[in-house]
Amino acid sequence: MGTGNDHPTGGLELGYARVSTTKQSLDRQLAALAAAGIPGERIHVDKKTGTTIDREGLGRLLAYARPGDTVVVHTLDRIGRNLRDVLNLVHDLAEKGVGVRSLADPLPINTADEGMGRIAFLLLALFTEMERTFTAERAAHARAVAEAAGRQIGRPFAHPQDKIEYARLLKAQGDSLGVIATKTGIPKTSLHRYLD
């Protein structure tokens, strides 16, 4: 990707793809951007959560973009994880004369279009934020219901609860971690977590 000195004149479409972890694949997004006619050298990628602002690929893209260019993403949530971030980035780009277009959102998004393209963008960003809120609320409710029913929430214990209680009893009696590890079969690294 160029540094800006070799940016051709005229409006370019610049691709951006992001996944949240290094284990996730960018293939679907990259294929969609390629199918939209964006060459690989104009596609920037990140394998980082959208909640962090420090994304190298996005930074390079923003430094390279010029007035008249359009940033193309598979879906809007690839450029930010919440409504405020997406709106702020799109607003900043619009002030520089750079548009944003998404390929797979339910409504056609192209902020370079006047009127309906911008309204569609705002509606979709709002719906995306609402869905995140509703998902978080549903997860919190499910946790509360599980806790009320006496079910353990989160990762299961690696060791049986009776062994952990026995380790706590030995600790209270003054036994060292080495002795407790030998008697319970629980490694010292785990004992630190259980006995703190």
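The dialogue below takes up the sheet, the salt bridges and a surface patch in turn.

Q: What kind of model is this, and how are residues numbered?
A: The model is predicted: local features need pLDDT of at least 70, side-chain atom pairs count only at pLDDT 80 or more, and totals for chains, interfaces and linings use all residues. Residues are numbered from 1 along each chain as its sequence is written, and side-chain values use heavy atoms, with hydrogens and water left out.

Q: In what order do the strands of the sheet lie?
A: Helices (H or I, at least four residues) and strands (E, at least two) are DSSP runs numbered from the N terminus, and two strands pair if DSSP finds at least two bridges between them. Here five strands make an open sheet in the order 2-1-3-4-5, with mixed pairing. Strand 2 (43–47) and strand 5 (109–110) stand at the edges with a single partner strand each, so one side of each has no neighbour in the sheet. Strand 4 (residues 99–102) and strand 5 run antiparallel, joined by two bridges; Ser102 is opposite Ile109 in strand 5.

Q: How many salt bridges does the structure hold?
A: Side chains of opposite charge can pair when their charged atoms come close. The count rests on a side-chain nitrogen of Lys or Arg within 4 Å of a carboxyl oxygen of Asp or Glu, and the structure holds five salt bridges. One of them joins Arg101 and Glu13 (2.8 Å, N to O). Arg101 is in strand 4 and Glu13 in strand 1, so this pair ties together parts 88 residues apart in sequence.

Q: Is Arg78 buried or exposed?
A: Buried means under 20% relative accessible area, exposed over 50%, and partly exposed in between (1.4 Å probe, protein chains only). Arg78 is buried at 11%, while Asp77, at 21%, is partly exposed. The two side chains form a salt bridge (3.3 Å, N to O).

Q: Which residues form the nonpolar patch on the surface?
A: Patches take residues with over 30% relative accessible area and no salt bridge, joining like charges within 9 Å and nonpolar side chains (Val, Leu, Ile, Met, Phe, Trp, Tyr) within 5 Å. Accessible areas come from the Shrake-Rupley method with a 1.4 Å probe, and for residues only the protein chains shown count as cover. In this patch, Ile119, Leu123, Leu126, Phe127, Met130 and Phe134 together have about 510 Å² of accessible area. Ile119 lies in helix 4 (residues 116–148) and is partly exposed at 42% relative accessibility.
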